[in-house]
Amino acid sequence: MIKAYAAHEPKGKLQAFEYDPGALKAHEIEIDVQFCGICHSDLSVIDNEWGMTQYPVVAGHEVVGTISQVGDHVKDLKVGQAVGLGWHAGYCNVCEPCHAGDHNLCAASQPTIIGHHGGFADKVRAEANCVVPIPDGIDLESAGPLFCGGVTVFNPLVQFDIQPTDKVAVIGIGGLGHMALQFLNAWGCEVTAFTSSDDKKKEALEMGAHHTLNSRDHKAIEAAAGRFDLILSTVNVKLDWNLYLGSLKPRGRLHFVGATLDPLDINVFSLIMAQRTISGSPVGSPATIAKMLEFSLRHNIKPVIEKFSFDRINEALDRLRSGNAHYRIVLHR
């Protein structure tokens with residue numbers, strides 16, 4: 001039996017829960033969970049904000065641990081190996097995106113925490129090609145958030161061929177944004193942090209930003225007209241997107257990784273006349289996650305975390321709900 005923590009209703013407290021995972025399938029592996037980050041997506045699933053939660057739900061998709069079992073057809077992973085598991089626990093492996101290596105775009109993928117029990121548990125199972133080995137030298141206790149938030153902000157650098165000479169701005173210095181600053185600085189970009197918090201300005205500069213701009217100061221943003229090659233939005237709130245579009249260079253890109261639920265009110269002429277682009281992306285493929293881990297090791301990039309033991313999981317969730325987490329929360333044994 002796998003021992004876990006499950007929610008049985010929206011916004012419900014997590015309770016001890018056991019389930020029988022059955023026999024290990026030929027292409028699966030089982031992970032002994034040592035650490036598991038908590039992401040806002042976990043809250044969204046626990047609370048059924050997306051309307052697809054199946055209760056009881058065991059959340060947790062920023063898993064770090066060691067392999068305890070491997071299926072008969074798994075040849076490239078071994079028992080005892082340190083690995084991580086992110087948003088996906090399975091892919092169809094036959095669609096065009098899967099064949100192209102874009103597994104994260106697979107329409108038939110199996111999310112780790114939707115219709116599948118995740119990492120708020122002592123063990124979790126997943127298909128082997130969703131699991132990524134962790135290089136020696138990576139700090140395991142802070143590695144979990146890299147498998148969701150980290151790859152989410154790293155993936156656009158790979159997908160859009162961001163150059164080290166580019167000027168890039170990040171909107172929102174929080175769970176995603178603080179990692180984006182580190183990646184972009186190490187990538188070689190000139191980095192600007194948009195933040196409404198005076199308290200975060202100094203920290204943003206320490207984490208890799210070369211400049212800061214007050215996201216509530218419209219005049220300051222207007223004065224930055226035509227400055228940026230890329231603006232990476234990590235927030236989930238509605239902003240004056242036309243104001244930010246004006247700060248892009250010709251052919252610049254406004255890219256969303258934060259899931260704002262409000263429709264975008266866009267002046268199309270701002271796009272047409274400067275040939276600008278608006279785009280978005282999810283987490284990365286396993287290959288991109290592996291590349292991100294190597295890059296993180298080389299440049300000593302680590303999420304800033306707060307730690308809670310697994311038996312304090314409800315306290316940890318309340319901390320995340322409060323909006324005061326600094327910046328990612330990780331559960332540990």
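**View 1. Lysine 13 and its salt bridge to aspartate 318.** Lysine 13 is partly exposed, with a relative accessible area of 48%, where buried means under 20% relative accessible area, exposed over 50% and partly exposed in between (1.4 Å probe, protein chains only). The side chains of lysine 13 and aspartate 318 meet in a salt bridge, at 3.1 Å from N to O; a salt bridge here is a side-chain nitrogen of Lys or Arg within 4 Å of a carboxyl oxygen of Asp or Glu. Because aspartate 318 lies in helix H11 (residues 313-321) and lysine 13 in the loop between strand E1 (2-6) and strand E2 (15-19), the pair ties together parts that are 305 residues apart in sequence. Aspartate 318 is itself partly exposed, its relative accessible area being 38%. Helices (H or I, at least four residues) and strands (E, at least two) are DSSP runs, numbered from the N terminus.

This is a predicted model, in which local features need pLDDT of at least 70 and side-chain atom pairs count only at pLDDT 80 or more, while totals for chains, interfaces and linings use all residues. Residues are numbered from 1 along each chain as its sequence is written, and side-chain values use heavy atoms, with hydrogens and water left out.

**View 2. Arginine 321 and aspartate 47.** Arginine 321 forms a salt bridge with aspartate 47, and the closest N and O atoms are 2.7 Å apart. This pair links distant parts of the chain, with arginine 321 in helix H11 and aspartate 47 in the loop between helix H1 (40-46) and strand E4 (62-70), 274 residues apart. Aspartate 47 is buried, with a relative accessible area of 9%, whereas arginine 321 counts as partly exposed at 36% relative accessibility.

**View 3. Glutamate 141 and lysine 307.** A salt bridge of 3.1 Å, N to O, joins the side chains of glutamate 141 and lysine 307. Glutamate 141 lies in helix H3 (residues 140-143) and lysine 307 in strand E16 (residues 305-309), so the pair ties together parts that are 166 residues apart in sequence. Both ends count as partly exposed, glutamate 141 at 26% relative accessibility and lysine 307 at 44%.

**View 4. Parallel pairing around strand E13.** Strand E13 (residues 228-233) is mostly covered, five of its six residues being buried. Strands pair if DSSP finds at least two bridges between them; strand E10 (residues 167-171) and E13 pair in the parallel sense over four bridges, and five bridges join E13 to strand E14 (residues 248-256), again in parallel.

View 5. Helix H5 (residues 177-187) is mostly covered, with eight of its eleven residues buried, among them His178, Met179, Gln182 and Phe183. Just after H5, glycine 188 takes a positive phi of about 105°.

View 6. Strand E11 (residues 190-195) and strand E12 (residues 211-214) run parallel and are joined by four bridges, with threonine 212 of E12 as the bridge partner of alanine 193.
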